[in-house]
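Open your viewer and load the model. Keep the selection tool handy, and we'll go from stop to stop together.

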Amino acid sequence: MRRVLFLALLLLGTLRCAAPAPRLPRLRAMLRPTPQLGAFNAPVDFTVAAPDGKTYRFQSPQITFTPVGTESVRALSGKGSFTPVGPGPGPGPGPGPGPGPGPGPTPPPPNLVNVKENGVKGDGVTNDLTAINTLVRTAANGTTLYFPASTYLINDAIKIFRSNLTFLGDGDGSILKSTAGSYHVQVGSGQAYTGIAFKKLQFYGTPGQYMADGTGRGGCLLFGCKGTVFDECLFRGCAEPVLNAGEPNTTYGTVIKNSRMLGWSRMAVFCNGGDRVSGCHLIQDDPNLWGERSSHGFYIHGGTRDVEVADTEIANVRKYAIQVYSESIPSTTDNVRLLRLNIHDCLNGILTAHGNATAGLLTNGLIEGCTIERIYGGASIGLKNGHGVIVRGNVVDGNSQSGGIRLGVWAPYEQGFDLQNIDVHGNTIHRCQTGVWALPSNGGSFTDVKVLGNMVSGNNRDYDVTGPGVVWAPGRPPTGKAEETRASDDSTLALPR
């Protein structure tokens, strides 16, 4: 304790206004105008880590200071209390680490199995598929298979036909490398397995090869499983980084967070229901801007429900950054939320569409808070099918060769489509070919479509609105009136958590 008190006095003798004390900004404001103002009194409250490993808090209602510069003061006199507020190593031996773990790396999870100590080589030469599959089959429930930083070659998919298993690496250095035209892993073959997670792993396929080059390698095939998690993973050059297969909503609730997908052969993420994506970066490296040699960023399958993609970057996609699409089987895709996305340098932005007028419908959609820049082909946001879709608070900029927000504009093969109860408001659209284009072409129709309170300016053509069913007004900021907005906590958009 004597050592700690000495440290406290030393700190008080050299206290700087930059020290982390709640009262300090007020001290700094007093000192800066006239640093020669002489001694003054002020309360003090700060914490400090002492050499014994404990954290102490020093508090005094009044210490007398004198300025020694524009940013420094010296304590002249005063009293205070100096009390421990954090745990230390306890009364063990003096110098040394003591009996407890003390500060250090996060302890390993329970039931951790190091694969390199259990038959897996990880030498970048040996085919490790059989050894890994053996561990997958025989590990106890709740086991974490730990892959230390190494390259693990596999010539077919790791088959995960069970529940409750985690795959953990050391980050980008823990590489599962596919050497044949296969997925890295397959979770299930229709069964509802749960509790599967992949963390801090790299899935390495065939960078520089795309759909047009033939079969690519790699990615994760999920078939029937529920709630599979990808956290802090890197997918490099995979054919399809995450493919949720099967009928809509059978493979369900996949979570992808804080992960990167750098270059993909076909599409990056195929959503099939309940998907949650956040904090990710999808960056295509296909150098061909127009040939569609590679495909979508996100494909949201017709008939799915409760899909959310948020706080994610999508760049350089050579087809659609995101497409909500129903092919031919009648279906309703419900409750799709696209929030705070950064989409840029893509051929097309966000599109909702379907194969024909009876194939599918999007209901209760929300596109909010996104920034969409430098779309060089089609629309930044295009709605071709939908009942109850909100597009609000987005920024669309710099898409000079393409459209901003496009409603309808149906092609000859899209006969009889319709948009109902569509709310487009609070968006900023700048430097596009057409800011807002609404056209009921080829027998399509609009019902209760509102385009109000948007800031649309500096486009080659700000508005091109044709036909009945659309209420619009140019250049008017949102008023907050009920007929112009719908609340962000609209119960029809609520997602299960």
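**Before you click**

This is a predicted model, where local features need pLDDT of at least 70, side-chain atom pairs count only at pLDDT 80 or more, and totals for chains, interfaces and linings use all residues. Numbering starts from 1 along each chain as its sequence is written, and side-chain values use heavy atoms, with hydrogens and water left out.

**Stop 1: the open sheet**

Switch to cartoon view and look for an open sheet of 12 strands with parallel pairing. Follow the strands in the order S8-S11-S14-S17-S20-S23-S26-S29-S32-S35-S38-S41. Select 158–160 and 461–465: these are S8 and S41, the edge strands, and each pairs on one side only. From one strand to the next, the twist averages 10°. (Angles run from 0 to 180 degrees between N-to-C directions, with axes as lines fitted to C-alpha atoms.) Strands here are DSSP runs of E with at least two residues, helices are runs of H or I with at least four, and both are numbered from the N terminus. Two strands count as paired if DSSP finds at least two bridges between them.

**Stop 2**

Now select 240–245, which is strand S17. How many of the residues of S17 are buried? The count is 6 of its 6 residues, so-called "mostly covered". Buried means under 20% relative accessible area, exposed means over 50%, and partly exposed is in between, using a 1.4 Å probe and protein chains only.

Leu 407 has Ala 438 as its bridge partner in S38.

**Stop 3: strand S33**

Select 386–392 for S33. Because 6 of its 7 residues are buried, S33 is largely enclosed by the rest of the structure. Strand S30 (residues 360–368) runs parallel to S33, with 5 bridges between them; Ile 367 is partnered with Val 391. S33 also pairs with strand S36 (residues 418–425) in the parallel sense, over 6 bridges, and here Val 389 has Ile 422 as its bridge partner.

**Stop 4: Lys 384**

Touching means contact, with heavy atoms within 4.5 Å.

**Stop 5: helix H3**

Select 129–138, helix H3, and colour its buried residues: Leu 129, Ile 132, Asn 133, Leu 135 and Val 136. Seen down the axis of H3, they fall within an arc of 160°, so they line one face of the helix. (The arc is that of the directions from the helix axis to the C-beta atoms.) Turn to the other side of H3 for the exposed Thr 130, Arg 137 and Thr 138. The buried residues pack against several strands, including S5 (123–127), S6 (143–147) and S8.

**Stop 6: charged pairs**

The structure holds 13 salt bridges, each a side-chain nitrogen of Lys or Arg within 4 Å of a carboxyl oxygen of Asp or Glu.

- Asp 156 and Lys 159 meet at 3.9 Å, N to O. Asp 156 is partly exposed at 33%, and Lys 159 is partly exposed at 29%.
- Arg 266 and Glu 240 meet at 3.4 Å, N to O. The pair links distant parts of the chain, 26 residues apart. Arg 266 is partly exposed at 23%, whereas Glu 240 is buried at 9%.
- Arg 337 and Glu 308 have their closest N and O atoms 3.3 Å apart. Arg 337 is in strand S27 and Glu 308 in strand S24, 29 residues apart, and both residues are buried.
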